[in-house]
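Please look over the structure below before reading on. The points that follow go through a few of its helices and residues in turn.

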Amino acid sequence: EARRIGLQAYSPLGGGGTSTGHNGGIALDDPVVVRTAKRHNASTAQVALRWSLDKGVAVVTATTNPSHMQSDLLVFNFKLSPEEVVALSSLRTIVPSVRILDDWPDVMMPVVA
């Protein structure tokens with residue numbers, strides 16, 4: 001923020017080839033994500049997108065499915081509480097090819113062998 005550099009997540013839900021969908025390596029079926037979604041009457045994907053937005057990351061969902069496009073826009077109909085953002089931020093990655101970089105625990109990059 002101090003340097004006014006914005007982050008953008010392209011296909012933040014995992015994109016093609018993922019079976020459960022991931023957001024920065026966090027499974028959408030994680031109990032914390034599921035409980036948060038129920039609390040807001042939202043999908044787990046919407047919660048993951050809202051979390052990204054609440055963390056200051058712009059998202060580009062890259063879907064070609066019209067119903068997903070409409071659903072993605074519903075992230076603007078609710079806001080996560082500060083406690084929910086902390087709980088979601090504390091989840092650990094489940095994707096072994098992803099690692100945490102430096103002191104930015106919410107920024108994941110692929111491990112290159």
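1. Val32 sits in helix α1; helices here are DSSP runs of H or I with at least four residues, strands are runs of E with at least two, and both are numbered from the N terminus. Leaving aside neighbours within four places in sequence, Val32 is in contact with Ala87, Leu88 and Leu91, where contact means heavy atoms within 4.5 Å. Val32 and Glu84 are 52 residues apart in sequence, yet their C-alpha atoms are 8.8 Å apart in space.

2. The model is predicted: local features need pLDDT of at least 70, side-chain atom pairs count only at pLDDT 80 or more, and totals for chains, interfaces and linings use all residues. Residues are numbered from 1 along each chain as its sequence is written, and side-chain values use heavy atoms, with hydrogens and water left out.

3. The protein chain contains 4 helices and 6 strands. Along the sequence they follow the pattern β-β-β-α-α-β-α-α-β-β. Of the contacts in the chain with a separation of 6 or more, 60% are accounted for by residues 24 or more positions apart. Buried residues make up 28% of the 113 residues; buried means under 20% relative accessible area, exposed over 50%, and partly exposed in between, with a 1.4 Å probe and protein chains only.

4. Which residues of α1 are buried? They are Val32, Val33, Thr36 and Ala37. Seen down the axis of α1, the buried residues fall within an arc of 130°, so they line one face of the helix; the arc is that of the directions from the helix axis to the C-beta atoms. Lys38 and Arg39, on the other side of α1, are exposed.

5. At the start of α1, a side-chain oxygen of Asp30 comes to within 2.9 Å of the backbone nitrogen of Val32. At the other end, just after α1, Asn41 has a positive phi of about 55° although it is not a glycine. Most residues other than glycine have a negative phi. Asn41 belongs to the loop between α1 (31–40) and α2 (44–54), and it is exposed, with a relative accessible area of 75%.

6. Helix α2 is mostly covered, as 8 of its 11 residues are buried. These are Ala45, Gln46, Val47, Ala48, Leu49, Arg50, Trp51 and Ser52. Just after α2, Gly56 takes a positive phi of about 90°.

7. Gln46, in α2, has a relative accessible area of 7% and is therefore buried. What does the side chain of Gln46 reach? It reaches the backbone oxygen of Ser71 at 2.9 Å. Apart from neighbours within four places in sequence, Gln46 is in contact with Ser71, Leu74, Val75 and Phe78.

8. How do α2 and α4 cross, and at what angle? Their axes come within 10 Å and cross at roughly 105°, with α4 covering residues 82–89. The axes are lines fitted to C-alpha atoms, for helices over the stretch in contact, and angles run from 0 to 180 degrees between N-to-C directions. The two helices are therefore roughly perpendicular to each other, a label used for angles of 65 to 115 degrees.

9. In this contact, Val47, Trp51 and Asp54 of α2 meet Val85, Leu88 and Ser89 of α4. The residues divide into 4 nonpolar, 1 polar and 1 charged. Ala, Val, Leu, Ile, Met, Phe, Trp, Tyr, Cys and Pro count as nonpolar, Asp, Glu, Lys and Arg as charged, and the others, Gly among them, as polar.

Key. Angles under 35 degrees count as roughly parallel, over 145 as roughly antiparallel, 65 to 115 as roughly perpendicular and the rest as oblique. A polar contact is a pair of N or O atoms within 3.5 Å; within protein, one must be able to donate a hydrogen and the other to accept it, and residues adjacent in sequence count only if both atoms are side-chain atoms.
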